[in-house]
Amino acid sequence: MRIAIYAFDGITMFHLSVPQMVFDEVTRLGLADWETFVFSDRSGTVRTAEGLTVGPVHGLEAADDADLVVVPSWTDDGTRLPAPTEQAVVDAHARGSTVVGLCLGSIAVAGAGLLAGRSAVTHW
């Protein structure tokens, strides 16, 4: 399984690291051969809220063949994902990929229209 985790400038290390830690554990334990990778609006690097530079990260095209796309967080002001990123997430869903919004990431998934008519669960 290919797991694409979305990162953006200003994401917290906590929100970025948790899905990597959880999904990579499956591979570390030898339970499955899952490939986890980070992608962003553009290839290169992402600067976290804590001031760390993470990279290299893949560009949007890296999510094209992901089985699972994770949006682990988003901004707390409710803005939508950048249009090309939102389209990449919608396209992934249309191809049959599972799209997951964790925490504030559920706002981004809802903003993309993927929750229309569906129930969702979040911790807040």
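Setting aside neighbours within four places in sequence, Ser73 touches Phe8, Ile11, His15, Leu102, Leu104 and Gly105. The model discussed here is a predicted one.

User: What makes these residues count as contacts of Ser73?

Analyst: A contact requires heavy atoms within 4.5 Å, and Phe8, Ile11, His15, Leu102, Leu104 and Gly105 are in contact with Ser73 in that sense. Ser73 itself is found in the loop between β5 (68-71) and α2 (83-94).

User: Is Ser73 buried or exposed, and how do you know?

Analyst: The relative accessibility of Ser73 is 5%, and the cut-off for buried is under 20%, so Ser73 counts as buried.

User: Why are β1 and β2 called paired strands, and in which sense do they pair?

Analyst: Pairing asks for at least two bridges between two strands, and strand β1 (residues 2-6) and β2 have five bridges in the parallel sense, so they count as a pair. In one of these bridges, Ile5 has Val38 in β2 as its partner. In general, strands of a sheet pair through backbone hydrogen bonds, either parallel or antiparallel.

User: What makes β2 and β6 edge strands?

Analyst: The open sheet has four strands in the order β2-β1-β5-β6, with parallel pairing. Strands β2 (35-39) and β6 (98-101) each pair on one side only, and they are therefore the edge strands. From one strand to the next, the twist averages 20°.

User: How do you know that β3 and β4 pair, and in which sense do they do so?

Analyst: Strand β3 (residues 44-47) and strand β4 (residues 53-57) share three bridges in the antiparallel sense, and the requirement is at least two, so these strands pair as well.

User: How much space lies in the largest pocket, and which residues are closest to its centre?

Analyst: The largest pocket holds about 160 Å³ of space. It is lined by 13 residues, of which Gly101, Ser106, Val109, Leu115 and Ala120 are the closest to its centre.

User: What makes α3 stand out in the lining of the largest pocket, and how does the lining divide by class?

Analyst: Both β6 and α3 (105-111) supply at least two residues of the lining, but the largest share, four residues, comes from α3. By class, the lining has eight nonpolar, four polar and one charged residues.

Note on methods. Residues numbered from 1 in each chain as written. Predicted model: local features only at pLDDT ≥ 70, side-chain atom pairs only at ≥ 80, totals over all residues. Heavy atoms only, no water. Buried < 20%, exposed > 50% of the residue type's maximum accessible area, 1.4 Å probe, protein only. Axes fitted to C-alpha atoms, helices over the stretch in contact; angles between N-to-C directions. 1 Å grid on protein atoms, 1.4 Å probe; cavity = no way out; pocket = protein on both sides within 12 Å on 5 of 7 lines; lining within 4 Å. Points joined across faces, edges and corners; volume = space filled by probe spheres on them. Nonpolar A, V, L, I, M, F, W, Y, C, P; charged D, E, K, R; others polar.
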